Amino acid sequence: MKINILGASTTKFGELWNVSPRTLAKEAMENALKESGLKASQIDALFVGNMLSGILGNQANLGSLIAEELGVQIPAFRVEGACASGGLALHNAINGLKAGQYRTVLVLGIEKMTDHNQDEITNALMAAGSDEERMAGATFPGVYALMAQAYMQKYKVTEEDLAAISVKNHYHGSLNPKAQFQSPITIAHVMKSSKIADPLKLLDCSPISDGAAAVIITSDDSIKIKKPVYIAASEVATDTLSLHDRKSFTSLSAVVGASATAYKKVGIKPQDIDVCEIHDCFSISEAIATEDLRFSEKGFGAKDIAKGKRTLFKGSIICNPSGGLKACGHPVGATGIKQIVEITEQLRGEAGKRQVEKAKIGLTHNVGGSGAVAVIHILQN
């Protein structure tokens with residue numbers, strides 16, 4: 001059974017003060033429907049990826065709210081898995097198609113974060129951490145800083161090497177009209193930015209963002225698609241909530257496991273990937289991810305990026321042409337679906353100034369917490 005993408009759309013990401021969650025959802029869904037050529041009445045079910053609506057927005061019945069906004073009375077599900085909520089929503093939607101329960105579904109990822117102050121958001125995000133980490137007063141910048149310290153010490157990686165990851169992603173973001181940040185930066189900018197949690201600085205961290213993204217997928221092979229892109233693999237794996245319970249601080253076993261299964265199911269090698277969207281919530285995240293996905297050898301993820309090996313028009317296995325979480329923005333529930341939209345546009349040849357030449361196979365890497373859940377999708381055309 002082929003899972004084809006009929007429509008894919010994302011709103012602009014950023015500090016969208018004057019835009020409501022309903023408006024964000026409506027824009028993403030209407031544009032995805034328009035691209036698909038379908039009407040809302042032709043959608044069999046709705047899956048919504050979201051983390052914080054219950055905590056920050058006091059709205060726990062998000063599936064029904066979005067169905068109401070779409071103007072339909074169909075099965076609607078809100079799926080939560082921290083920052084991997086979008087990827088998990090898509091995974092569940094795919095399983096619904098494969099089971100034969102539905103034929104065509106809409107998957108929305110959405111988050112509205114900037115209406116709340118920084119402390120509220122920090123505390124809300126730590127709901128994805130362990131009890132021990134919260135009791136110790138840890139935040140996710142702090143947890144990822146521990147990973148960065150371990151990685152730098154083990155592999156003799158410098159802060160400048162990590163800074164190069166943000167520089168690459170801001171360059172890519174400068175080519176994306178929907179990115180939150182569209183200005184290039186330098187390593188000097190990163191190094192001079194405020195220290196958040198040693199060694200991570202402000203420009204090593206993804207921002208607080210608003211945004212929504214939607215995809216429409218189908219198992220109905222009677223529908224004709226002008227530029228077909230299909231989802232060849234959808235895999236999920238989990239690990240411990242707490243960082244201190246893991247065997248390694250420099251690898252995420254959930255990513256290693258999910259990606260290995262995905263590669264095997266599609267029958268490809270990591271080097272067959274042309275373009276990927278990586279969950280770079282912090283610069284260290286992308287460095288480790290490129291190794292866990294086996295794009296780089298252990299200890300060389302950050303160094304390879306610093307050398308330009310993952311940069312548009314320069315390297316191969318191009319990472320985060322959208323700008324990633326760092327430059328495009330990170331409305332947490334929307335990120336996993338935005339990644340799918342980006343890869344879909346890349347494989348269709350519709351990515352404009354950030355187009356990866358002759359892209360045929362793409363991968364998305366969506367992570368929740370500090371690696372407690374990982375979702376890997378492989379797309380082909």
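Which residue forms a salt bridge with Glu69? In this predicted model, the partner is Arg22, and the closest N and O atoms of the pair lie 2.8 Å apart. The two residues come from distant parts of the chain: Arg22 sits in helix 1, residues 21-36, whereas Glu69 sits in helix 2, residues 62-70, and 47 residues separate them. As a general point, side chains of opposite charge can pair when their charged atoms come close. The count for the model comes to 20 salt bridges.

The domain assignment divides the protein into domain 1, made of 3-117 + 210-218, and domain 2, made of 135-206 + 230-380. Taken over C-alpha atoms, the centres of these two domains are 23 Å apart. Their contact draws 42 residues from domain 1 and 33 residues from domain 2.

How much area do domain 1 and domain 2 bury between them? The value is about 2700 Å², with 69% of it on carbon and sulfur atoms. On the side of domain 1, three residues deserve mention: Ile5, Phe13 and Cys83 supply 25% of the area that this domain buries against domain 2, more than any other three residues. Between domain 1 and domain 2, the count is 1 salt bridge. I also draw your attention to Arg348 and Glu35, whose side chains meet in a salt bridge at 2.7 Å, N to O.

I now come to helix packing. Two packed helices are described by the angle between their axes and the distance between the axes.

Helix 3 contributes Ser85, Gly86, Gly87 and Leu90 to the contact, and helix 13 contributes Gly333, Gly336, Ile337 and Ile340. By class, these residues comprise 3 nonpolar, 5 polar and no charged.

The second example is helix 7, residues 159-173, with helix 10, residues 283-292. Here the packing angle is about 95° and the axes are 8 Å apart. Why are helix 7 and helix 10 described as roughly perpendicular? Angles of 65 to 115 degrees count as roughly perpendicular, and the angle for this pair is about 95°; helix 7 and helix 10 are therefore roughly perpendicular to each other. From helix 7 the contact takes Leu162, Ile165, Ser166, Lys168 and Asn169, and from helix 10 it takes Ser283, Ile284, Glu286 and Ala287. This contact has 4 nonpolar, 3 polar and 2 charged residues.

Note on methods:
Residues are numbered from 1 along each chain as its sequence is written. This is a predicted model: local features need pLDDT of at least 70, side-chain atom pairs count only at pLDDT 80 or more; totals for chains, interfaces and linings use all residues. Side-chain values use heavy atoms; hydrogens and water are left out. Axes are lines fitted to C-alpha atoms, for helices over the stretch in contact, and angles run from 0 to 180 degrees between N-to-C directions. Helices (H or I, at least four residues) and strands (E, at least two) are DSSP runs, numbered from the N terminus. Angles under 35 degrees count as roughly parallel, over 145 as roughly antiparallel, 65 to 115 as roughly perpendicular and the rest as oblique. Contact means heavy atoms within 4.5 Å. Ala, Val, Leu, Ile, Met, Phe, Trp, Tyr, Cys and Pro count as nonpolar, Asp, Glu, Lys and Arg as charged, and the others, Gly among them, as polar. Domain bounds come from an automatic or database domain assignment. Buried area is the accessible area (1.4 Å probe) that two parts lose on being put together, summed over both. A salt bridge is a side-chain nitrogen of Lys or Arg within 4 Å of a carboxyl oxygen of Asp or Glu.
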